[in-house]
Amino acid sequence: MTVLQKKPDNPIAHLTAEDIELIGKELDEIRQEVIDTRGEADAAYIRKVIDVHRKVELGSRAVLLASGFPPAWILGTVGLSVAKILENMEIGHNILHGQWDWMRDPKIHSTTWEWDMASPADQWKHSHNELHHTYTNVIGKDNDLGYGIMRVDEDQKWQPFHLGQPLWSFINACFFEYGIAAYDLELGAVIAKKQTGDPEFRARAKAVLRKIGRQVRKDYVIHPLLSGPNFVSTLTANVVANIVRNLWSNSVILCGHFPEGVETFEKKSIDGETRGEWYLRQMLGSANISGSKAMHVMTGNLSHQIEHHLFPDLPSNRYAEIAPKVRDLFDRYGLNYHSAPLPKQVASAWHKIFRLSLPNGWLEQTTVRNLPSQLGKLYTMATGSPKVRRRLQAEMAAA
C-alpha cells in the first residue's frame, strides 16, 4: 500500500505485513461481536428513530400551515429541517447500507426503502455502497472524493479552473441532493463522452427526473397549496429546510473524508489488496467528529466515520460502543485516530478546499508583505501558457 501524498514520514512505514493482517483479524473479531449480539434493543432503536422522525415532520408541516405567522414559520422550518436531516442521515443512509436487513422487516430494508432525496435509492446504493466503500479515497476510483469537481490532493496537477473550487464547492453544498443525483448518474462523464443517447443512461436519467418530480411536488406544490393564503411563506420554509439539510449533509461528509491529515491513495496501491490492507485504508482515509449523543444521531452516526467505514453494514447505534476498541487498536499500532469537534473539522476541510484550489506552495509562501507579487505570479500562472505555468510551479516547489 502506497499513500499518494508525498510526505517526509510515511504513516504506515513502521507496520509489517504481519501487523496489517493482525489489525484485520482484530477488526474482524470486533465486527463479529456486534453481529453476535444484534437483537431487539437495536431493532427498537431504529423503530423509535423512525417514529420520532415521522412525528417531527408531520408536526412541523402542520405548524407551517399557519406559516404566515412568523413564530410558526420559524418553529415549522426548524422542525422540518431537523426531520429531513434525521431521515437522510440516521435513517435513510443507514437503512440503504443494509444495516437493518437482519431484522427481516420489509418496511425497514435496503431493498424497499426510498428516502427524501433527489437521488433514487438504487442508484445511490451503487455509487456509494459498491464504489465509494470499496475504493475509499483512491484517486481515480472513488468519485466521492471531490465528486469530480475538486482537486483533492497535492499530486493532482493544478489547473487555472481550480481557482473556482471554493465557489462551486459552496454551490454544490447548498444544492447537495441534486449534486448527488447528478453524481450518481455520472452525468459529467456521460456528457464528456457524448453518451447521453445511451439507452441505459436515459433510463436512469428518467428515474432521477421522476424522483425529483415527486420531491418537488411534495415540498414546493402540495404542502404550500395546503397552506392556502400562506402558500409563499410555506414554500420558502420548505426551500430553507432543504438547503439546511443539504448544507448539514455536505458538512458531515466533508468532515469524514476531507480534513487535513486524511490520506488519499494511488490506484496501484490497491493492486492485490488484502483484507487487512483494505481495513487499514479505511482507517487512514476517514475522520471522526467528537461531540454529544444528539450530535451523533443527527450525523447518522457518521461522526463515527472511521467505524462506519470499517463496518458499513453494522447498526449505526453500535458505533459509539465499538469506537473505544477501534481507537485502542490505532494506539497500539501507532496510527493517528483522526477525531475533532465539528467546527474544527469543518474549518480544516474548507481550508483544504481553498489550499488545493491554489498551486502547490502558493498559500504557504504568501505573506502580507509579498502579497502583491504573489498575486501577480498567480495571475501569470492562470493566464499564461502551460510552459510558463510549469516553470512557476517548479520554482514554488523548489522554494
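Predicted model: local features only at pLDDT ≥ 70, side-chain atom pairs only at ≥ 80, totals over all residues.

**Domain contact and aromatic pairs**

Between domain 1 and domain 2 there are 2 residue pairs in polar contact, with both residues at pLDDT 80 or more. By class, the side of domain 1 that touches domain 2 comprises 3 nonpolar, 1 polar and 2 charged residues. As for salt bridges between domain 1 and domain 2, the count is 0.

The domain assignment gives residues 4–343 to domain 1 and residues 359–398 to domain 2. To their contact, domain 1 contributes 6 residues and domain 2 contributes 7 residues. The C-alpha centres of the two domains are 36 Å apart.

How much area do domain 1 and domain 2 bury between them? The figure is about 560 Å², and carbon and sulfur atoms account for 58% of it. On the side of domain 1, 73% of the area buried against domain 2 comes from Trp-158, Pro-160 and Leu-163, more than from any other three residues.

I turn next to the aromatic rings. The structure contains 7 aromatic pairs. In one of them, the ring centres of Phe-161 and Trp-168 lie 6.4 Å apart with their planes at 25°, so this pair counts as stacked, the cut-off being under 30 degrees. Phe-161 is exposed, at 52% relative accessible area, whereas Trp-168 is partly exposed, at 28%.

Finally, Trp-278, Tyr-279 and Phe-311 together make up one aromatic cluster. Thank you for your attention.

Notes. Residues numbered from 1 in each chain as written. Heavy atoms only, no water. Domains from an automatic or database assignment. Contact = heavy atoms within 4.5 Å. Buried area = accessible area lost by both parts, 1.4 Å probe. Salt bridge = Lys/Arg side-chain N within 4 Å of Asp/Glu carboxyl O. Polar contact = N/O pair within 3.5 Å; in protein donor to acceptor, adjacent residues only side chain to side chain. Nonpolar A, V, L, I, M, F, W, Y, C, P; charged D, E, K, R; others polar. Phe/Tyr/Trp six-rings, centres within 6.5 Å; stacked < 30°, edge-to-face > 60°. Buried < 20%, exposed > 50% of the residue type's maximum accessible area, 1.4 Å probe, protein only.
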